[in-house]
Amino acid sequence: MTIKDKMHCGELYFPGDPQIAEEQNKCLDKLYDFNLTRPTESKKRQQMLKEMFAEIGENCYIEPPFHSNFGGKHCHFGNDVYANFNLTMVDDTHIYVGDNTMFGPNVVLATAGHPILPMLREQGYQFNAPIHIGKNCWLGAGVIVLPGITIGDNTVIGAGSVVTKDIPSNSVAVGNPCKVLRDINDKDKEYYFKNRKIDYSNI
């Protein structure tokens, strides 16, 4: 098994391996250039993201600064994904995001972890586990998603939550650790925020 294989199957490996570092630096150079683009250079940004990401759909928008261990090389986005500033994707292995999902400011998706045993951490070992986020999700400002997590379709994760376990589809989940607060229900068809009603004639 090669060290690249170990990166993507949950095995312990040494991330400072020269082969990995060389590949990573090329990706980080592209990320650096992306973060230096001007707000008016939207077409240039779109093209750069297509070159940086493993997969990226149509009409995706990432507000710089964008942070990523491999510059998006292991990230798979569907269509119409939106990310506000300071999205951090620790993409040492694969991250999958479905269509129409939105990220608030300062969201962190972290696939990398380190062993609890101090001796192994001292030697620099790491492991990775992929993250899966469904379609039409909304992750509020400051959400942190840990390695190996799956979040189902249509789910809302409240601001500041730390997602340590899988969250099912059609849920509102909040907290540290993040827990399901309730299902999305008929009341959500009537009110969009507290006591404010949806005026369907205007949308």
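1. Y61, Y82, M102 and W138 form a nonpolar patch of about 380 Å². A patch is built from residues with over 30% relative accessible area and no salt bridge; nonpolar side chains (Val, Leu, Ile, Met, Phe, Trp, Tyr) are joined within 5 Å, like charges within 9 Å. Accessible areas come from the Shrake-Rupley method with a 1.4 Å probe, and for residues only the protein chains shown count as cover.

2. Some ground rules. This is a predicted model, in which local features need pLDDT of at least 70, side-chain atom pairs count only at pLDDT 80 or more, and totals for chains, interfaces and linings use all residues. Residues are numbered from 1 along each chain as its sequence is written, and side-chain values use heavy atoms, with hydrogens and water left out.

3. Y61 sits in strand 1, residues 61-62. Strands (E, at least two residues) and helices (H or I, at least four) are DSSP runs, numbered from the N terminus. Y61 has a relative accessible area of 31%, so Y61 is partly exposed. The classes are: buried, under 20% relative accessible area; exposed, over 50%; partly exposed, in between (1.4 Å probe, protein chains only).

4. Now helix 2. Helix 2 covers residues 18-35, which is 18 residues. From first C-alpha to last, helix 2 reaches 25 Å, close to the 26 Å expected at 1.5 Å a residue. The expected span is 1.5 Å times one less than the number of residues.

5. Which residues of helix 2 are buried? They are I20, E23, Q24, C27, L31 and F34. Seen down the axis of helix 2, these buried residues fall within an arc of 95 degrees, so they line one face of the helix. The arc is taken from the directions from the helix axis to the C-beta atoms. On the other side of helix 2, the exposed residues are P18, E22, K26, D29 and Y32.

6. What do the buried residues of helix 2 pack against? Their partners are helix 1 (3-7), helix 3 (42-52), strand 1 and strand 2 (67-68). Contact here means heavy atoms within 4.5 Å.

7. How many salt bridges does a search of the whole structure find? The search finds five. A salt bridge is a side-chain nitrogen of Lys or Arg within 4 Å of a carboxyl oxygen of Asp or Glu.

8. Take K73 and E23. Their side chains meet in a salt bridge at 3.4 Å, N to O. K73 lies in the loop between strand 2 and strand 3 (75-77), and E23 lies in helix 2, so the pair ties together parts that are 50 residues apart in sequence. K73 is partly exposed, at 33% relative accessible area. E23 counts as buried, at 19%. K4 also joins in: K4, E23 and K73 are linked in a network of salt bridges.

9. Two further salt bridges. R182 and D188 meet at 2.8 Å, N to O. R182 is partly exposed at 33% relative accessible area, and D188 is partly exposed at 26%. E190 and K197 meet at 3.3 Å, N to O. E190 is partly exposed at 36%, whereas K197 is exposed at 52%.

10. Is H74 buried or exposed? H74 is buried, with a relative accessible area of 6%. H74 is in the loop between strand 2 and strand 3. Leaving out residues up to four places away in sequence, H74 touches M7, H8, A54, D91, D92, T93, H94 and I95.

11. Check the backbone too. Most residues other than glycine have a negative phi, and most peptide bonds are trans. Where are the cis bonds described here? One joins P64 and P65, with omega about 0 degrees; P65 is in the loop between strand 1 and strand 2. Another joins N176 and P177, again with omega about 0 degrees. P177 is in the loop between strand 17 (171-174) and strand 18 (179-183).

12. Last, positive phi. N100, not a glycine, has a phi near 65 degrees. N100 lies in the loop between strand 6 (95-97) and strand 7 (102-103) and is partly exposed at 38%. N154 is not a glycine either, yet its phi is positive, about 65 degrees. N154 is in the loop between strand 14 (150-151) and strand 15 (156-157). At 29% relative accessibility, N154 is partly exposed.
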